[in-house]
Amino acid sequence: MNKLFEQVVIKNIKVKNRIAVPPMVVYTWSDDTGYVTQNNIDHYEAIAKGGAGLIIQEGTCVNKKGRLTDTQLGIWEDAQVVGLKRITDAVHRQGTPIFVEIHHAGVVGIAEEVVCPSDYECMVKGQLKKGHELTIDELHAIQQDFILAAKRAYKAGYDGVEIHACHSYLISQFLNRRINRRDDLYGQHPEFFALEIIREIRQQTPSNFIIGIRLGGFEPTLEDGIAYARIFEESGVDFLDISYGFVQEATPIVPKDYPFKDIIYAAQKIKEAVSIPVFAVNGINSPELADKILEQTDVDMVDIGRGTLVNYNWVNDAKAGRDVGTCLYCKTCMWRVDPMKCPGKLKHQRNQS
Ligand SMILES: Cc1cc2nc3c(=O)[nH]c(=O)nc-3n(C[C@H](O)[C@H](O)[C@H](O)COP(=O)(O)O)c2cc1C
Ligand code: SF4
């Protein structure tokens, strides 16, 4: 493992290795208030003990109306800061930095009236969602929600925020020209919605507070992903975490003999175009693969998501040359529904006992 356990610097923080735990919601622990519970604290503390260089807390909603479920963690009101601070304290006690992903679902949310950059209809879990085009006042109000959420994140002790701008949620809907057909500034410049949020967060938080963005590598094409990455780098974001966008072009152009997943190819190409740290993700299921990606693509960090859910101690085990456990990549990850039903985790625990 030449690179995996090397230190990396993100803005002002030294990260002890190149493994980040990406945001992963666990819906069963909170309730309609979106407040942090002891389970959330124990979860992140255990992940920190497991040795990852960096934790990015799950998608935490900036507005109750922008939720994905009625039990999603929230950062939409000041009183939520107390519980969130208990997470950052527990993680910092292990010497691990933590960012929080700030999120709004847009048209794919659970609210009765969902919103979208333009009128848009889509099926979500068998249900037809009809998003109405955001008025300019509604649009500005949601930008404020993101800015206030980032300020709360700072107060709660997070080292930074990751703006959720991929996976089909609101900012992804703005960035994707197939969804965003507005004829105002926010349609002519689809990145404006996020850029204005980033600028204000920068103005309203101390200069050492880290701002990153989770961006679709194909939004809808790789060329778009690269162009957005450059724009956000110029706007002063501190890192780019590259995942899937909304509706991408049918087949992304990836060389036939490319040894890794298409989304890792996107992260590699984006890294070639920018100089800030870039994170790559998806299906990285062994320390050997993680190291190979770092060596061969020049990305700065790898995200180990479901691997961490299967085994909180993934990083320490990798470092010690032990079995890191096996995620079965189930069609629906049970951690969204009931962590106790994760077959990978049980398998690993059986192996250990
Ligand atoms: C249970 C679960 C919850 C997730 N929640 C989020 C989330 O809140 N925000 C996000 O950006 N991605 C989320 N994801 C996607 C992961 O961050 C990651 O990109 C994906 O699992 C692929 O990485 P992996 O193969 O290492 O698991 C989630 C994935 C899982 C399995
Ligand atoms: S084994 Fe299945 S439930 Fe467990 S982390 Fe992997 S995908 Fe999720």
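Predicted model: local features only at pLDDT ≥ 70, side-chain atom pairs only at ≥ 80, totals over all residues.
**Entry 1: the sheet**

I began at Cys116, which stands opposite Glu133 in strand 8. Next I looked up how the two strands run. Strand 6 and strand 8 (residues 127–133) pair in the parallel sense, over two bridges. I then traced the sheet as a whole. It is open, has three strands in the order 6-8-7, and its pairing is mixed. Which strands stand at the edges? I found strand 6 (115–116) and strand 7 (120–124) there. Each has a single partner strand, so one side of each is left without a neighbour in the sheet.

**Entry 2: two helices**

I turned to helix 3 (residues 136–155) and helix 6 (residues 192–204). They pack at an angle of about 35 degrees, and their axes are 9 Å apart. The crossing of helix 3 and helix 6 is right-handed. I listed the residues that meet. Helix 3 brings Leu139, Ile142, Gln143, Phe146, Ile147, Ala150 and Lys151. Helix 6 answers with Phe192, Phe193, Glu196, Ile197, Glu200, Ile201 and Gln204. I sorted the residues of this contact into nine nonpolar, two polar and three charged.

**Entry 3: the cores**

I looked up the largest nonpolar core, which has 90 residues. Ile102, Leu215, Phe232 and Leu240 touch the most other members. Helix 3 gives the most to this core, with seven residues. Another core, of 14 residues, lies apart from it; Tyr27, Val108, Val114 and Cys116 are among them.

Last, I checked Phe232. Leaving out residues up to four places away in sequence, Phe232 touches Leu175, Glu191, Ala194, Leu195, Ile198, Ile213, Leu215, Val237 and Leu240.

Notes. Residues numbered from 1 in each chain as written. Chains lettered and ligands numbered in written order. Heavy atoms only, no water. Axes fitted to C-alpha atoms, helices over the stretch in contact; angles between N-to-C directions. Helix = DSSP H or I, 4+ residues; strand = E, 2+ residues; numbered from the N terminus. Left-handed = near helix turned anticlockwise from the far one by under 90°. Contact = heavy atoms within 4.5 Å. Nonpolar A, V, L, I, M, F, W, Y, C, P; charged D, E, K, R; others polar. Core = buried A, V, L, I, M, F, W, Y, C linked by side-chain atoms within 4.5 Å. Buried < 20%, exposed > 50% of the residue type's maximum accessible area, 1.4 Å probe, protein only. Pairing = 2+ DSSP bridges.
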